[in-house]
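Please keep the viewer open as you read.

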Amino acid sequence: MSDFEKLKNQLINKLTEAKNSKEVDLIRTEIFGKNGLINSEFKKLGSLSPDEKKNVASKINNAKQELTKLFNKKLSSLENFEIDERVKNEKDDVTLPEKDFRIGKIHPVSQVIDEISSIFSEIGFNVEEGPDVETEYYNFTALNTPENHPAKDMHDTFYLEENMKTLLRTHTSPVQVRTMLNGKPPFKIIAPGRTYRSDSDQTHTPMFHQLEGLHIDKNITMGHLKGCLNYFIKEFFELEKIKMRFRPSHFPFTEPSAEVDIGYRIENNKIIIGEGDKWLEILGCGMVHPNVLKNSKVDPNKFQGFAFGIGIDRLAMLKYGINDLRSFFESDYRWLNYYGFDPLDVPTNYRGLSK
Amino acid sequence: MKLTREWLKDHLKTNKTELQIIEKLNNIGLEVEKVEPVKNELSDFLIAKIIKADKHPNADRLKLCHVDIGQNDLVKVVCGGPNAKDNLLTIYAPPGSVIPKNNMKLEISKIRGETSYGMLCSESELNISDESDGIIELNKKYKSQIGKSYFNESQDNVIELSITPNRPDCLGIRGIARDLSSAGFGKLIDNKIKKIKRSGKQNLKVKIQKSKNQACSIFGSCLIKNIKNQESPDWLKKRLLSLGLRPISAVVDITNYVMFDLNRPLHAYDADKINKEIIVRNSKKNEKFKALDNKDYNLDDGMCVISDHQGVLGLGGIIGGIRSGTELNTKNILLESAFFDPEITRKTAKKLDLNSDAKFRFERGIDPNSILIGLEKASAMIVEICGGQASNIDIQSTQQFKLKKINFDPKIVEKIVGLKTKLQDITKILGDLGFKVKKKGKILTIEVPSWRPDINGDVDLVEEIIRIKGFNNIQSIEPEKKRIKPTLNFFQRNFHLAQRSVASKGYLESITWSFTDEKLNNIFKEKYQEAKIVNPISSDLNVLRSSLYPNLIHVLNKNIDRGFDDQSLFEIGPLFIGNKPGQQITVVCGIRKENLFDVYGIKKDLVQTLLELGINKKDTTIDTNTPSYYHPGRSGSIITKKDNILLAYFGEIHPKVVDKVYGFEIFLENLVKFKSYNKKTKPTVTFSDYQKSERDFAFVVQKDLKAQELVEIIWNVDNSLIKNVKIFDVYQGDNIPSDKKSIALKVTIQSDFKTLNEKDLNDISQKIISNVEEKVEAKLRS
């Protein structure tokens, strides 16, 4: 056996017996280092004849390969062993609490506005907005509600000027007029927003939210109105069927006018929407009065259509079982956390309205 | 408006049940609000008979009565009524019942040593009349009804309707009957009025003074002499009670009765108290008047008054006066039936803050052609009940009332409603409702009945036809799923994104009032004009908010009281910069209170939100000018480099306002404006794979130097090579002069074209050092 072989076997023994990765690292230098076994053997090649050179070189290469293999094997088994040892001692009580995180919430009213927008988006409505401060003209007169009309009694109005010419809008209906004045028919819009009435008790708050809807085209009839609202209510409450009735009513800005009730029943103190023998009023609607169209510079002989107004807060209460309207605006931290929605829970047409 | 089926049957021949009637009323637009048993609280009160009235052993004025209440045993009742005697039919209240007059609950009690089981009632105790001198004496016809409830004889319910303001005609039972009849619920019975003998002219002169804005255009009257005013008969009292009205005296009760029956308000004057003649005129300023509600009114000029030579007798269509009011001893009365203009009446009542059943009707529009029938019916009833002689009826009018005519194309019904409707259906429905329909070729000429002031055009007629025909007959049409315009515009999309972006940073969304407390608002108002509410709901909600902070801080404090020390809240909504439409801006406002929080924490929430909203940090700069409600040394504003558009404020709220609360405000309109004109498609990008190097620098600079300036200088040294500049330490203290600070930065250097060698790196480092030292009086820290 040549010296090379001897040395090689020695190193193999040493490697086999090595107990940790540090020892293995030292052996790495003895084998593969600048002056290690392999390199010193290669250096000797220079003094050999070409034939021998070839022979010896291939021998060294084989040895190098053998050693590399052995070395890597040893190293990885040692490393695995060491990780196993370490892991044995790493024991955390995973029942301890996770690190703190905070989840923000979207207010139920905002969520419901997004849900409604998503439903109406599907049937081609776009969202319009109007100012919270309105003039007497847009809030009443243009909507066919003359001054000193008893219909105004239903709107306890907040005024911003002694002469009562500017006010906080009592409904979202002025957006109808503003939208029509700003564009050309057809119109197919919804307009959610804050509305105000100076009324405050168990079931009324001085500020609340309404959604206005308006569809004006050449031949939009009450049949379209019925179909549209029926579609909306079913989608909103995520029900296959819903009991609904249209009751004649009166609003100065629509003629004919109707109120819409939905059926419900109470089961174990919980309200079940859509069936049952009780009726709940949820919105007002009708065919836009020709005077409103005229005031909005739309020719009532050519265009007609419907409008509706829904209480958004009320819809949120019904859908999500919230009892007290006033709690919507109190910002109780517990309430916001409990009734609020995850910001990632965006209502969409393709994913669905609610989680 | 209230009605009972029993009363309704005076006008409508129907065999429909109450339940069917209620459903129909709802379906034709007369919304049923409530259905209650007539005077339910009185159904405990039983018809009873005193079998024996003994003297109370221990009290002279009391009696011990043995009363038959229709059960096996008699009950013992102690009674103070002087008229309690054997065999008297009266009304018994059992223990547990509540006496209407004082809402006292009866209990079994000992009165002067004798146990009394209940009570025998006087009329006043049951609110039937003011009579309190003795117990009720019922007539013999009640003999067969002992033990039965006195008030619940008919088992009738009172149906309360919410009548929409366009339907004054349904403020009378007859109008409701007419509607039900046209909806196929029976036959409308002709108004039958007892003919009475009338003698003589109405010789009290009535004059309607001509003047501008005279509200009264017709004044009908009838004089009835030598009456004996008295309590109303039981049937009439019960009718009024069933609607919740208090019987007063026959004359007053009859006027009320006719008002609810025919929707025809009337007024009765004591004719002996009228000085010479009736003058209907406009009031003079500061004229005084004491009304039947016992209040004194100081009139403005131009209010319609009924007066005599002495002064004001009543406010036309609103309320009568004390001076000429009828009483039980009134002998001669003048009955008024008039027409007052709705708008003027409403204005007057509003100015005086006066409400009455008559005003409620006149402001909605009373049938001008009901003057005569009202007088006929009421005077006949008065003569029947109180005796006396009625005069002929006098009607003064200054204006001829003309019936409206509408040309109606029947095709419009289908055009608007989408329901094919036969011409004969249209004609029948309108006819039943009192319209006169004439065919003129393809067009109908329709005459509107005088009791329908709300019908002015063809769409009004369409509504009449469809509400009677039934909305449930309209076929609903599935909506078309076609979108012409994007659902949300650019601003709305950003609104939506901002809302969810802030929420995703752990903030809870609040919705607070758009108004707030003026005192609180003043702290945040800055340069904005205050928008005061003229009639606020309470004095601490009296201005529109000039900032979202006042209300958010208010609720934050309330939540601290609830025990929440760490809070993050935000609101997105309007603040008001004036009191005109459009003077509002949309703000996203977040507040955060947390242990160990600082301005860099709130800045992180804000900057991250702006980034998510698509604002490139490099396009903005930080300014330290902020409103006074921020801590001056711990707040900043974010402004665009181009055009200096204010995007947001952030910082600690001034400690004088609230302790250790941080907040930010994003001005959404500004942000969207900047975004939309700065909108550019992202340029194509190549990512360099060449070696990236990092070099650290520490500069000693002036203490008040803004870090932003330093970073900016370094960026500008070589935009193509410098890929990032990051501050990792700011130091003040040992080894640094007290007016200086040290800022340590890590600069990332990378070329897109080659691997930089040592020399390249040194060159750029040198350039950085020399640029900084040159521009901001800085020294590289050794």
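Two strands are said to pair if DSSP finds at least two bridges between them. Helices (H or I, at least four residues) and strands (E, at least two) are DSSP runs, numbered from the N terminus. This is a predicted model, in which local features need pLDDT of at least 70 and side-chain atom pairs count only at pLDDT 80 or more, while totals for chains, interfaces and linings use all residues. Residues are numbered from 1 along each chain as its sequence is written, and chains are lettered from A and ligands numbered from 1 in the order in which they are written.

With that in hand, look at chain B. Strand S27 of chain B and strand S29 (residues 443-447) of chain B pair in the antiparallel sense, with four bridges. At one of these places, Asn407(B) has Thr445(B) in S29(B) as its bridge partner. The open sheet here has three strands in the order S27-S29-S28 (chain B), with antiparallel pairing. Its edges are S27 (405-408) and S28 (436-440) of chain B, each of which pairs on one side only. On average, neighbouring strands of this sheet are turned by 25° against each other, direction ignored.

Now go to another group of strands in chain B. Strand S4 (residues 46-55) of chain B runs antiparallel to strand S5 (residues 63-68) of chain B, and six bridges join them. S5(B) is also joined to strand S6 (residues 75-79) of chain B, by five bridges and again antiparallel. Between S5(B) and S6(B) lie the six residues of a hairpin, where Gly70(B) in the turn has a positive phi of about 80°.

Next, turn to the helices of chain A. Two packed helices are described by the angle between their axes and the distance between the axes. Helix H5 (residues 108-122) and helix H8 (residues 222-237) of chain A have axes that come within 10 Å and cross at roughly 135°. Axes are lines fitted to C-alpha atoms, for helices over the stretch in contact, and angles run from 0 to 180 degrees between N-to-C directions. H5(A) and H8(A) are therefore oblique to each other; angles under 35 degrees count as roughly parallel, over 145 as roughly antiparallel, 65 to 115 as roughly perpendicular and the rest as oblique. Glu115(A), Ile116(A), Ile119(A) and Phe120(A) in H5(A) meet Phe232(A), Glu235(A) and Phe236(A) in H8(A), where contact means C-beta atoms, placed from the backbone, within 7 Å.

Staying in chain A, find Val292(A), which sits in helix H9 (residues 290-295). Is Val292(A) buried or exposed? Val292(A) is buried, because 24 other C-beta atoms lie within 10 Å; buried takes 20 or more, exposed 12 or fewer, and partly exposed is in between. Among the residues that Val292(A) touches are Gln176(A), Val177(A) and Phe253(A). In helix H7 (residues 174-182) of chain A, Gln176(A) and Val177(A) are among the buried residues, and the cover over the buried residues of H7(A) includes H9 and strand S10 (304-311) of chain A.

Finally, step back to see both chains. In chain B, 73 residues are in contact with 65 residues of chain A. Helix H11(B) gives the largest share of the side of chain B that touches chain A, six residues.

Conventions:
Contact = placed C-beta atoms within 7 Å. Lists of a residue's contacts leave out its neighbours within four places in sequence.
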